[in-house]
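Trainee: I have a structure open and would like to learn how to read it. Could you walk me through its features one by one?

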2 protein chains.
Amino acid sequence: MRFAERLHEGIISQGTALCVGIDPARERMAPVLLSAAGDDPYTMLTLFGRTVLDAVAPLVPIVKPQIAYFERYGLEGLRALETILQYARDKGVLIVLDAKRGDIGETSSAYAKAYLADDGPYGPLVDCLTVNPYMGPDAVEPFADAALKSGKGLFLLVRTSNPGAAHLQNLIADGKPVYAHVASLVDSFAQRQSGLAGYSDIGAVVGATLGSEARELRALLPRSIFLVPGVGAQGGSLDVVRDCFDTNGMGAIVSSSRAITYPAGEHATLDDLSEAIRQAALNTIKDIAR
Amino acid sequence: MRFAERLHEGIISQGTALCVGIDPARERMAPVLLSAAGDDPYTMLTLFGRTVLDAVAPLVPIVKPQIAYFERYGLEGLRALETILQYARDKGVLIVLDAKRGDIGETSSAYAKAYLADDGPYGPLVDCLTVNPYMGPDAVEPFADAALKSGKGLFLLVRTSNPGAAHLQNLIADGKPVYAHVASLVDSFAQRQSGLAGYSDIGAVVGATLGSEARELRALLPRSIFLVPGVGAQGGSLDVVRDCFDTNGMGAIVSSSRAITYPAGEHATLDDLSEAIRQAALNTIKDIAR
């Protein structure tokens, strides 16, 4: 089954389109987790990842580890990422690796071999990768080729959720914002699968911090699943989220990280922390369902 | 000494602004190197890196490893990158790590800790990092903070050298191309050091495959050193390169990878290969000097 089909099945069986981000930042972690982990980065990262996955893997179709938080610790960090990817894989939850790679064609090919190829170091552990398309179509091409060849997916940055996203992405060129030009580029890759039923495996990142543009993007990208970050800690709006779904309530996943994985309050034990994460995920699932 | 000063000194003492890219792709490697390396990726990557560095470190001020070619082999690849960075450091050549990272602020902070902070895994081994600014100013901010704090530099993508670069970067918004808007963003970071003599530590990637725009960008970015890729295998023009330098012949480094590190011809021994790389570097140095 290709990525979009696996994701569709996951959304149906879990009854939610919530994606939980895994962004292990020591300065945000609960004291109970830090004291259990000690000073070793590998233990800290994997304990955080396992605690989050134990709580949310039974509830959501997909999780999104952000590779920066692992790279930050060098080899030990990336060894922890592999452990967490395998742990998520064993729990049957899908994985979108948030890496936002993108470079000239030959270099994108090297990244694609790493993160999407079946014989690469991460390929067998990853279902989908985020990619930065601002270098142009030839920067995206090797990722699209590798993803479609191995039944995996891409989410290409179209309009991001950060406060400064509008600075370049909302510039108006030829009567439309730059992000709409990027959307056309994304759709040209999505159209390669136009013969298939359902959504393409080439999706788009569309921030929940947008205004009315989400509806416009939904129309511009009829074949692409949206990855919608920015809900929760980043202050994204659930109205925007609604506009990202199609009329059947499909076509998007909503990503939340900090608001779920760093729940407020005191947690006396790791089990308490895990339960608080589970509750935060359930609350977000309810919010999205409304 | 801060990055721009170290680079200035290196360019003066070597008498060239050539930067040699280190892009270890097995499919391009000479048979003599592959048979010496065997099947182990770590050995293949480090043998390639050491062979290139032995040949070019005595000739050039700076080298540019592209991290994708190391990530492609997972942990073994990144272990090889560390070895090569240390090897280059020991030889006294400056290092710009080509990683093109860029994300929302908190995630960019994690990347900055990895690649620029003095207490990060790669920070002590790297002088400068390439960054993708298309997510906006808040995506760049943590990299600029970390770089300026630790005497390191950035090269922000302004106009890249790939064939499809114009697709988004040359769109005209408010009467000027998107890359000129990015140039303004880069200059706003470079201006933070306006009290200092000489160039800022916040530079710009400006492809040698451009036309007359290089001169325009030189005027828009008076404080920024240009990293000019695309010479050699990518077919960049030496006329464009000339426009990237200031009237004193400073303010830019010219990057070439494949045309130098994969020299044509047969090489009976590793010493022959090393000598061919040295000759290719010397030829490129002559071309740039003209």
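Mentor: We will go through the sheet, some strands and helices, two single residues and the contact between the chains. Keep in mind that this is a predicted model.

Trainee: Let us begin with the sheet. How many strands form the barrel of chain A, and in what order do they run?

Mentor: Follow the pairing from strand to strand. In chain A, 8 strands make a closed barrel, in the order β1-β2-β3-β4-β5-β8-β9-β10, with parallel pairing. Neighbouring strands of this sheet are turned against each other by 30° on average, direction ignored.

Trainee: Which helices pack on that sheet?

Mentor: Helix α1 (residues 3-14) of chain A is one of them, touching β2, β3, β4 and β5 of chain A. The direction of α1 makes about 130° with that of β3(A). Another is α9(A), which touches β5 and β8 of chain A. The direction of α9(A) makes about 160° with that of β5(A).

Trainee: How many residues of β1(A) are buried?

Mentor: Start with the general idea. Side chains in a regular strand alternate between the two faces of the sheet. Now the case here. In β1 (residues 18-22) of chain A, 5 of the 5 residues are buried, so the strand is largely enclosed by the rest of the structure. A:Leu18, A:Val20 and A:Ile22 are buried on one side, and A:Cys19 and A:Gly21 on the other, so both faces are covered.

Trainee: Which strand pairs with β8(A) over 2 bridges?

Mentor: That is β9 (residues 226-228) of chain A, and the pairing is parallel. A:Ala204 has A:Phe226 in β9(A) as its bridge partner.

Trainee: Let us zoom in on A:Val205. Is A:Val205 buried or exposed?

Mentor: Count the C-beta atoms around the residue. A:Val205, in strand β8 of chain A, has 26 other C-beta atoms within 10 Å. The cut-off for buried is 20 or more, so A:Val205 is buried. Leaving aside neighbours within four places in sequence, its contacts include A:Thr130, A:Phe155, A:Leu157 and A:Leu227.

Trainee: On to helices. What span does α13(B) reach?

Mentor: Compare the end-to-end reach with the expected one. α13 (residues 270-289) of chain B has 20 residues and reaches 29 Å, close to the 28 Å expected. Its buried residues include B:Leu273, B:Ile277, B:Ala281 and B:Ile288. Among the elements covering them are β1, α2, α3 and β10 of chain B.

Trainee: How many residues of α3(B) are buried?

Mentor: 12 of its 16 residues are, so α3(B) is largely enclosed by the rest of the structure. B:Met44, B:Phe48 and B:Val52 are among them. α3(B) reaches 22 Å, close to the 22 Å expected.

Trainee: Last, the two chains. How many residues are in contact?

Mentor: 47 residues of chain A are in contact with 45 residues of chain B. On the chain A side, α6(A) gives the largest share, 6 residues. By class, that side has 25 nonpolar, 14 polar and 8 charged residues.

Key: Residues are numbered from 1 along each chain as its sequence is written. Chains are lettered from A and ligands numbered from 1 in the order in which they are written. This is a predicted model: local features need pLDDT of at least 70, side-chain atom pairs count only at pLDDT 80 or more; totals for chains, interfaces and linings use all residues. Helices (H or I, at least four residues) and strands (E, at least two) are DSSP runs, numbered from the N terminus. The expected span of a helix is 1.5 Å times one less than its number of residues. Two residues are in contact if their C-beta atoms, placed from the backbone, lie within 7 Å. Ala, Val, Leu, Ile, Met, Phe, Trp, Tyr, Cys and Pro count as nonpolar, Asp, Glu, Lys and Arg as charged, and the others, Gly among them, as polar. Two strands pair if DSSP finds at least two bridges between them. Axes are lines fitted to C-alpha atoms, for helices over the stretch in contact, and angles run from 0 to 180 degrees between N-to-C directions.
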